[in-house]
Amino acid sequence: MSTGTMEWQVLLFISVLSLSVVHGQVSYSIPEEMAKGALIGNIAQDLGLGVERLKSGKARIYTGNTEEYIELKRERGALLIKDRIDRESLCGQTMPCALHFQMILENPMEFYTVTVEITDINDNPPTFERSEMKYEISESALTGARFVLEKAVDDDVGVNGLNSYALKPSDNFALKTISRGDGTKHVEMVLQKPLDREKHEHMSLILTALDGGEPQLSGTMQILITVLDVNDNPPVCSKPEYKATVAENAPLGTVITTVSATDIDKGNNGKVTYMIPKSAAGSIFLIDADNGVLTLRGNVDYEKRRLYELDIQVSDQGGLSDACKVIVDVTDTNDNPPSINIMSNSNTVSENVNPGTVVTMLNIQDPDSNENGKVMCVLNENIPFAIKSTTNNFFTVVTDSDLDRERASQYNITVTCSDEGVPSLSSSVTLTLQISDVNDNAPIFERSSYEAYIVENNTPGLSIFTVKARDADWNQNARVSYILEDSSVNGVPVSSYVSVSADSGVIHAVRSFDYEQIKDFQFRVKAQDGGSPPLSSNVTVKILIQDQNDNPPQVLYPVQTGGSLVAEMVPRSADVGYLVTKVVAVDVDSGQNAWLSYKLQKATDRALFEVGLQNGEIRTIRQVTDKDVVKQRLTVIVEDNGQPSRSATVIVNVAVADSFPEVLSEFTDFTHDKEYNDNLTFYLVLALAVVSFLFITCLVVIISVKIYRWRQSRILYHSNLPVIPYYPPRYSDTLGTGTLQHVYNYEVCRTTDSRKSDCKFGRAGSQNVLIMDPSSTGTMQRIQSEKSILDEPDSPPEVRPLCYHS
């Protein structure tokens, strides 16, 4: 259990205290600068505790407000180095140097005091504040003259601290060290051979400071001496040692004492100056160079350092000097209020605990001394708690009577600690203690039922609304979770429609709703608290889908066909307001989204026809004349009233004629170009080129097909697979609109009196049908007969009947 030269000793003291709090003490000794994770000792074994007790008691280290250098491994019961420990940074020159902390156990609450002494290793060489010192010494200086040298500083202590000095060369000077009662060494340079300026005006010496560690470390400083003439009497201090006191926190400039020295020389050689060699204390104290008044220039703190030893150097103008010591004692004042540290605290306690139960353990620290450091603690009044002192500086807060959560669910316990100084200083801390409850209240919804609206075509995951339930209980017993109860909507689980956030009660849409498929549905949500056993309640939620203008109008009549043109016939004798036809359209949306309006977008002759805005009726707006062209083409746009509106267009062909042959010739004969004869040669050449290209293309296709079929037959001939013929279906319905489930047929009956015309749903048939096919040159009867042969009896018609009654 040793690393390098590490040696440790264990001293164990265990005692049992009152109030069920066990207090014991264990001490260790380790060297500084141990590696992280190094073992200090097995505290479980040293305290007679089992590792299981450390685990069950959640053992931990409490260091107060200081930095943690040591950590506890509960699974091993061992104390380990957590961070590098530098004894010099931690304690300075104070000996012994130790870390004090407590090990806290719970269930039941126990604590043990642990002291770890930090021993010094030789890791700091002696150092001088300055790299060189300069002296001016008269050649008449007497043998035995003393010159105070700057002391070296070694942060190590004991045998590793400053041990000795060496001066080289030593022809004229000898080194004299004086050990003081506090362990420091005063070093002087003594003249043992008279100086001769004519031989050596300047001298350079090396002062070496050595410590006593192993290996030995050293530091050096250069001493530069300038030899002067005549001044042969050094100044002499009136006393070799001065003693003074100063109170901590004394204001800057406070006079501490006055140092006095005399020089029997006259003139400048007898003028004495005072100075403090640069050292750690030089920044705190200031001495007047002329009169020797020592004053305070920095702050002193009794808790950090209680004694200062100053070396005062007195020098005359000739370079002769003497030294005296000033010992300054720092007295304590009551300048630190008690520090309250919470070692262990229970934030929650059940209302049925017994009186005397420990709820908080406190450690009170006051760095002041004597009466200034004695502390007493009290609690605020009218609360069922008391504070008791277990050992010096350790207190426990316990219950003093029965608790009742219904009367008070929370207590603010104010602990006030005061010292016995004059004037007394105090500090306080407020502890908040919650009283736990039992689960006796079920969640209650804010409303007996909920109803919410959502617009169709929503984004999946959209938040619809929030259900909210409250529980009068506290903490976990009042924590409400929301659950979607199992049910179905149109045979589909409701969970595929909506979801409920368990924490917030927010209802989200799982899918995008379609008003045309479902208009509303309802389900139940259960609110359940977190008690044991849990309590719950439920509520009914109804979701109503709002329509959105997502479907354009569908034109039912006239139906647009790809191969044939259907025309409505208007006699030339038609009067104003003659009903030509009626555009029929529907919109599967609802409300104003399904309100349709009809407008005439384009027309061959806008002055001849108009469309009813609401009913879609196409009527003449003037008398038909012989000048009107036979072939009239109308484009009607159908718009709904949604926002934004949707529309559909339909093309209505109108034939202005009194007989079928006139109409047929108009729709089958096209106007030839007036310059036909002039361009006849061009068209003949173009036709010849096209025919030649088509002939070559057909020839290549026929040859390719023949080769392909031959290869296929060869493949089938060599294979053993059976040949399964494929038969296409008899027909497919190509007239459906996609929204409606049936194809509508209309029979439009016209009379010479437009006011008696009618449009109604009719039967399928092909009699008296006017079919205009630009590519057809046959007669109407032939086309009708071919159509009747091709159409199946149950197939939907492709044209609409147009019948005229005269």
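Biologist: What makes Gly292 worth a look in the hairpin of β21 and β22?

Modeller: Gly292 takes a positive phi near 75°, and this hairpin has five residues between its strands. Most residues other than glycine have a negative phi, and most peptide bonds are trans. Before we go on: this is a predicted model, where local features need pLDDT of at least 70 and side-chain atom pairs count only at pLDDT 80 or more, while totals for chains, interfaces and linings use all residues. Residues are numbered from 1 along each chain as its sequence is written, and side-chain values use heavy atoms, with hydrogens and water left out.

Biologist: How do you know that strand β21 and β22 pair?

Modeller: Two strands pair if DSSP finds at least two bridges between them. Strand β21 (residues 285-287) and β22 have three, in the antiparallel sense, so they pass the cut-off. Strands themselves are DSSP runs of E with at least two residues, helices are runs of H or I with at least four, and both are numbered from the N terminus. In this pairing, Ile287 stands opposite Leu294 of β22.

Biologist: Which strand pairs with strand β18?

Modeller: Strand β18 (residues 255-258) pairs with strand β22 (residues 293-296), antiparallel and over three bridges. Leu294 in β22 turns up again here, as the bridge partner of Thr257.

Biologist: Why is strand β27 called mostly covered?

Modeller: Six of the eight residues in β27 (358-365) are buried. Buried means under 20% relative accessible area, exposed means over 50%, and partly exposed is in between (1.4 Å probe, protein chains only). Strand β27 also pairs with strand β25 (residues 339-345) in the antiparallel sense over six bridges, where Ile340 stands opposite Ile364 of β27.

Biologist: Why is the link between Lys325 and Glu241 called a salt bridge?

Modeller: A salt bridge needs a side-chain nitrogen of Lys or Arg within 4 Å of a carboxyl oxygen of Asp or Glu. The closest N and O atoms of Lys325 and Glu241 are 3.4 Å apart, so the pair qualifies. Lys325 lies in strand β24 (residues 321-331) and Glu241 in strand β17 (residues 241-247), so the pair ties together parts that are 84 residues apart in sequence.

Biologist: How many salt bridges does the structure hold?

Modeller: The count is 17. Among them is Glu371 with Lys374, at 3.0 Å. Glu371 is partly exposed at 38%, and Lys374 is partly exposed at 42%. There's also Asp605 with Arg622, at 2.8 Å. Asp605 sits in the loop between β48 (596-603) and β49 (609-611), and Arg622 in the loop between β50 (617-620) and β51, so parts 17 residues apart in sequence are tied together. Arg87, Glu88 and Asp120 are linked in a network of salt bridges.

Biologist: What makes Glu33 stand out?

Modeller: Glu33 has a positive phi of about 65° although it is not a glycine. Its place is the loop between β2 (22-31) and β3 (39-42). Asn457 also has a positive phi of about 65° without being a glycine, in the loop between β34 (449-455) and β35 (463-466).

Biologist: What is Arg74 in contact with, leaving aside its neighbours within four places in sequence?

Modeller: Val51, Leu54, Lys55, Lys58 and Ala59, where contact means heavy atoms within 4.5 Å. Arg74 is found in the loop between β5 (70-73) and β6 (78-81). At 31%, Arg74 is partly exposed. A polar atom of the Arg74 side chain lies 3.0 Å from the backbone oxygen of Ala59.

Methods:
A polar contact is a pair of N or O atoms within 3.5 Å; within protein, one must be able to donate a hydrogen and the other to accept it, and residues adjacent in sequence count only if both atoms are side-chain atoms.
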